[in-house]
Amino acid sequence: MNALRRREFLKQVGISAAALPFVIGLPSLGLASPARPRQRLIIVFSPNGTIPQAFWPEQTGRDFKLKEIMEPLEPFRERLLVLHGICNKVRGDGDNHMRGMSCLLTGIELFPGNIQGGSDTPAGWASGISIDQELKNFFQRGEETRTRFGSLEFGVGVTDRADPWTRMSYGGPNQPIAPISDPYQMYQKLYGQIKDKEALQSVLDDLQQDLQKVCKLISAEDRRLLEEHEALVRQMEKEITAAARQKLRVGPPALEEGVADQNDNVPRLSRMQIDLLVNSFVNDMARVATLQYTKSVGQARMNWLQISDNHHSLSHEPDKDEAAMAKLVKINKWFCGELNYLLGKLSNTPEPGGEGTLLDDTLVIWANELGKGNSHTLDNIPFVLAGGGFGFEMGRSLKFDKVSHNRLFLSLAQAVGHPLATFGKPALCDGGPLKLS
């Protein structure tokens, strides 16, 4: 129900705005918003920029041809939306790799900090929430869209190091969210049985009481920190309850045993994580997920592609180095092949309790922290959308005139009924949501 209809209803009936929440859902009044189909979002990240001449289609509109890097997506060409001209215009502290990574989904500056990169100004974590977490919070507020976890953060080849080059999801200012890079750990999170649940619940109850006692003895600033700890305890309690209620539509996937979380196993780890992600969506454990391959300044060595150079160093080579460019095309094409596997799994999985497939109700976004590795540009960030569920007109290649990526995120929010006026840095939202439908 939009604001105009609300005002008209209040005026005609002669009731106060305070009564609206109690009557808006009454079927006979016809005021309730129509139920939305299930909507899901997956953001896939690969690092160190792309090779523009082997990536961007020459044509715009529907009659476009995929270049070499995106050839694996040919089976899904009619379900793609290729967006050229989307730029990360966030400036401030940190180098372009840092801002490319930690501002990719937040659209806002990094805090000042002590992590020194390739610029004159060291930086810290992002100063705002990321769009995946913003949409997760929005979904979690609704009874029909609430899920056990809300969002799941998958990693592939992401090291334990924590800095602005390794984190793209943020729960809020200064709140980086680490992806889970070990599929066995993710499996345990999703499907592990909680032992001695009653004993754990008792410990949490006691812990909450103890925190409330301490709250009376500390300063207002410390009290805010304590409230964050209390929120974590409450979240743990909710997950225990949700785990007890959850009835799986399908059983968990069978994971290959003994695959160590190390560089040469990245191809196998990737497929394991994708299988877990799709299975978690089938069981409606979350409606938002991220899948992060390595990290910004990632030094992975794609030995399975017979490439011994590390990815980041290779991405610094000049355009005239044809051998290096060919290797980078091969690397980026491999990432695209993993995206193809994800889209294939989604398109071959029926929508639980509905029509069509998971892909029909899932929007997948493939992104990067840089437009081009050797120039470190934040212009023309590779944004490729695939699938459905958000009402965008797919099967097109579009070129924009260097628009801020904040505006893309406004489009995502409004597509799920979250009417944000700004997201991230407000000044970068001028022009409003991009017209994608």
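Is tryptophan 56 buried or exposed? At 9% relative accessibility, tryptophan 56 counts as buried, where buried means under 20% relative accessible area, exposed over 50% and partly exposed in between, using a 1.4 Å probe and protein chains only. Before going on, know that this is a predicted model, in which local features need pLDDT of at least 70, side-chain atom pairs count only at pLDDT 80 or more, and totals for chains, interfaces and linings use all residues. Residues are numbered from 1 along each chain as its sequence is written, and side-chain values use heavy atoms, with hydrogens and water left out.

Now for the rings. A pair of aromatic rings is described by the distance of the centres and the angle of the planes. Rings of Phe, Tyr and Trp (its six-membered ring) pair if their centres lie within 6.5 Å; planes under 30 degrees apart count as stacked, over 60 as edge-to-face and the rest as tilted. Searching the whole structure turns up 11 aromatic pairs. Phenylalanine 55 counts as buried, at 1% relative accessibility. Elsewhere, ring pairs tie Tyr293, Trp304, Trp334 and Phe335 into a cluster.

Next, look at helix α5, which covers residues 183-191. (Helices are DSSP runs of H or I with at least four residues, strands are runs of E with at least two, and both are numbered from the N terminus.) Tyrosine 187 and tyrosine 191 both sit in α5, four residues apart, which is about one turn of the helix. Tyrosine 187 is partly exposed at 27% relative accessibility, while tyrosine 191 is buried at 10%.

What does α5 pack against? Its partner is helix α8 (residues 266-282), at an angle of about 15 degrees and with the axes 10 Å apart. Axes here are lines fitted to C-alpha atoms, for helices over the stretch in contact, and angles run from 0 to 180 degrees between N-to-C directions. That angle makes α5 roughly parallel to α8, since angles under 35 degrees count as roughly parallel, over 145 as roughly antiparallel, 65 to 115 as roughly perpendicular and the rest as oblique.

Finally, find isoleucine 131 in helix α4. Isoleucine 131 is buried at 0% relative accessibility. Leaving aside residues up to four places away in sequence, isoleucine 131 touches Ile43, Leu105, Phe409, Leu412 and Phe423.

Conventions: Contact = heavy atoms within 4.5 Å.
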